Amino acid sequence: MRNRIKIDKNWFFTNQNTVREAVDLPHTWNALDGQDGGNDYWRGTNTYDVEFPKPNFDLKNEVVYLQFHGVNASSKVILNDNVVCTHDGGYSTFRVEVTKDLASMNKMIVEVDNSVNDRVYPQKADFTFYGGIYRDVELLVVNKNHFDLDYHGGPGIAITPEVKGKDADIRVETWANAENGIVEVTLFDAEGNVAATATEIVKSSAASVVLKVENVHLWDGLDDPYLYTVEAVLSVNGEAVDEITSTCGVRTFEFSPKDGFHLNGRPYPLHGVSRHQDFKGIGNAISRAEHDRDMALIQEVGANTIRLAHYQHDQYFYDLCDKAGMIVWAEIPYISEHLANGDANTKSQMEELIVQNYNHPCIVTWGVSNEITISGRPLKKQMLANHHVLNDLCHKMDPTRPTTLANYAMCPHWHPVAHITDLVGWNLYLGWYVPFLWLNDAWIKFWHFLYPNRCLCFSEYGAEGMPNLHSKKPKRGDNSEEYHNKYHEYMLECFKRFPYMWAHYYWNMFDFAADARNQGGEPGMNHKGLITFDRKTKKDAFYLYKAYWNKKDKFVYLAGRRYEKRELSNQTITVYSNLPEVSLYQNGKLVGTQKGENVFKFNITLEAENKLEAVAGEYKDSCVIYKVDKEPKEYYLEKGDSSNWM
């Protein structure tokens with residue numbers, strides 16, 4: 001009943017130098033200069049223009065919307081010389097009805113602005129704010145009587161499941177601009193069978209029904225991400241005029257300060273990663289292929305939760321999380337500093353995030369802010385007041401999910417911002433930005449001593465790790481793959497000691513662009529990822545995490561394979577595996593066999609050439625390393641750097 005017409009071809013982009021070029025969407029103008037370092041990528045207003053014919057539609061009975069899924073950061077849409085809408089916020093869907101603005105041939109100009117200002121978030125953060133129309137643009141033709149399309153870019157339907165023993169009540173609320181309309185709601189199970197139906201008359205533009213489901217099949221995380229489908233059909237005068245569908249997952253969850261996260265009544269420890277959406281060479285203008293690749297890699301490492309940082313991600317990726325059974329922390333880009341005139345923008349971005357994502361069973365918490373105290377005390381009173389406003393807004397719009405936020409490492413335990421939301425997280429890089437890995441244990445113990453009834457997680461932790469850099473004596477700040485491994489071997493054991501934490505989120509699943517950085521010999525990058533920016537190289541630590549988290553895909557992996565040429569005769573060879581017993585062979589001779597979990601270390605004496613083979617049951621891995629008089633200078637930075645991005 002709806003006709004979607006993508007407008008992705010034959011656009012023209014005019015940059016700040018008035019150079020006009022043909023482009024297809026998605027597109028960003030910072031794909032290169034936003035990734036090369038120097039903190040000098042171009043920020044300002046550029047324009048896109050396109051011509052398209054008037055779509056076929058019934059002017060008497062249908063209307064047409066323009067729909068934008070992501071334009072960063074502010075936009076002005078001009079259709080046939082008329083400003084039809086403006087939007088502030090670079091990560092959410094927005095749309096506008098343009099029926100009366102259309103001509104037989106139409107010219108649309110979109111002014112896109114990612115410039116520095118004090119009213120639209122984000123403005124200060126450790127990632128590149130790519131400018132452009134980087135997600136899909138569509139024409140949407142619908143009946144003049146249709147489900148609502150004008151409320152914060154939402155779908156016009158809200159689904160709220162409530163488990164009642166073995167059964168469930170699923171409340172389905174719809175909104176429509178139809179008088180005398182009737183909404184028929186049907187629930188289908190995963191096999192396409194009708195599980196429940198209900199009908200309601202539209203009253204004051206709304207209709208609400210409760211679907212009774214016996215022996216409900218729960219959405220159960222990675223184990224069983226079962227999805228129902230809700231179909232709502234709007235009829236006027238006996239004729240069906242509009243239809244919307246949404247997947248639906250039925251689950252219960254809770255957060256306990258004693259034993260962490262619970263899913264469907266049982267403890268379900270959360271261990272996962274954070275994700276930025278950009279790719280090398282294309283920035284944030286990615287396709288579904290990149291989304292699919294990211295999800296496949298996150299599934300391979302064995303994560304069961306994802307923090308989708310630091311902004312609203314593509315709806316397609318939230319859909320992937322639903323299907324994969326990932327538990328999701330969703331948040332807005334209220335980050336690093338409180339803007340003098342940004343309160344209204346935090347509110348609108350939060351409203352859009354919740355309205356557009358309410359139906360996703362994967363989402364269990366709304367993130368209010370990230371490292372908001374990093375800029376110190378300016379506007380502290382206003383900042384705290386705004387956090388209370390956002391926290392109350394989340395509870396009003398969605399009483400079913402708690403709120404959370406991520407605190408800056410230097411924010412003290414007792415800072416008032418850390419005690420506003422229902423849950424709390426800390427971004428701590430103890431052992432990287434500051435010395436001593438053992439501080440992680442001390443910090444967690446002290447927090448839990450002070451606030452035993454407060455649910456705590458590590459919302460970020462990590463260290464820079466370059467697969468081309470190596471060290472015979474790995475230390476903090478050298479950016480080597482060896483210190484990267486050492487850091488994460490410690491952290492994974494650390495978290496096992498504190499089962500009351502509700503989650504820990506590795507920062508970050510992938511290297512990502514941060515144009516202000518200059519570390520690891522490759523400027524413009526944050527290199528904390530388990531996988532390189534181009535997704536081609538899995539660092540050793542990827543397999544470390546896979547050994548801890550992924551118990552299904554059996555494997556054995558020899559770490560240090562890129563550290564080919566070594567000076568020291570006595571070497572410790574590390575093997576990662578999720579199997580209980582590993583044997584190591586050197587040049588065909590058995591070095592030893594160990595029983596254990598996840599990390600296996602063997603001592604060897606190097607020969608001139610060393611063919612190493614790790615064997616765990618039927619699984620094998622091999623590499624070759626060499627004894628040299630002097631290690632290549634390319635293994636080392638002239639000056640290691642573990643400084644933060646500020």
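## Exercises on a predicted single-chain model

Arg401 and Asp398 are both buried, where buried means under 20% relative accessible area, exposed over 50% and partly exposed in between (1.4 Å probe, protein chains only). The model is predicted, so local features need pLDDT of at least 70 and side-chain atom pairs count only at pLDDT 80 or more, while totals for chains, interfaces and linings use all residues. Residues are numbered from 1 along each chain as its sequence is written, and side-chain values use heavy atoms, with hydrogens and water left out.

**Exercise 1.** Locate the partners of the salt bridges Asp242–Arg2 and Arg535–Asp294.

*Solution.* Step 1: helices (H or I, at least four residues) and strands (E, at least two) are DSSP runs, numbered from the N terminus. Step 2: the side chains of Asp242 and Arg2 meet at 2.8 Å, N to O. This pair links distant parts of the chain, 240 residues apart, with Asp242 in strand 21 (residues 239–248) and Arg2 in the segment before strand 1 (3–6). Asp242 has a relative accessible area of 0% and is therefore buried. Step 3: the side chains of Arg535 and Asp294 meet in a salt bridge at 3.0 Å, N to O. Here 241 residues separate the partners: Arg535 is in the loop between strand 34 (522–526) and helix 7 (540–549), and Asp294 is in helix 1 (residues 288–301). Both Arg535 and Asp294 are buried.

**Exercise 2.** Describe the surroundings of Gly342 and the cover of helix 7.

*Solution.* Step 1: Gly342 lies in the loop between strand 27 (327–331) and helix 3 (343–357). Step 2: its relative accessible area is 0%, so Gly342 is buried. Step 3: contact means heavy atoms within 4.5 Å; leaving aside residues up to four places away in sequence, Gly342 touches Asp118, Arg119 and Tyr121. Step 4: Thr305 is 37 residues from Gly342 in sequence and 30 Å from Gly342 in space, C-alpha to C-alpha. Step 5: in helix 7, ten of ten residues are buried, among them Phe542, Tyr545, Lys546 and Trp549.

**Exercise 3.** Compare the radius of gyration of the chain with that of a compact globule.

*Solution.* Step 1: the radius is taken over C-alpha atoms, and the globule rule is 2.2 Å times the number of residues to the power 0.38. Step 2: for 646 residues, a compact globule would have a radius near 26 Å; the chain has 26 Å, which agrees. Step 3: the C-alpha atoms fill a box of roughly 85 × 65 × 50 Å along the principal axes. Step 4: the chain has seven helices and 42 strands, and 60% of its 646 residues count as buried.

Note on methods. A salt bridge is a side-chain nitrogen of Lys or Arg within 4 Å of a carboxyl oxygen of Asp or Glu.
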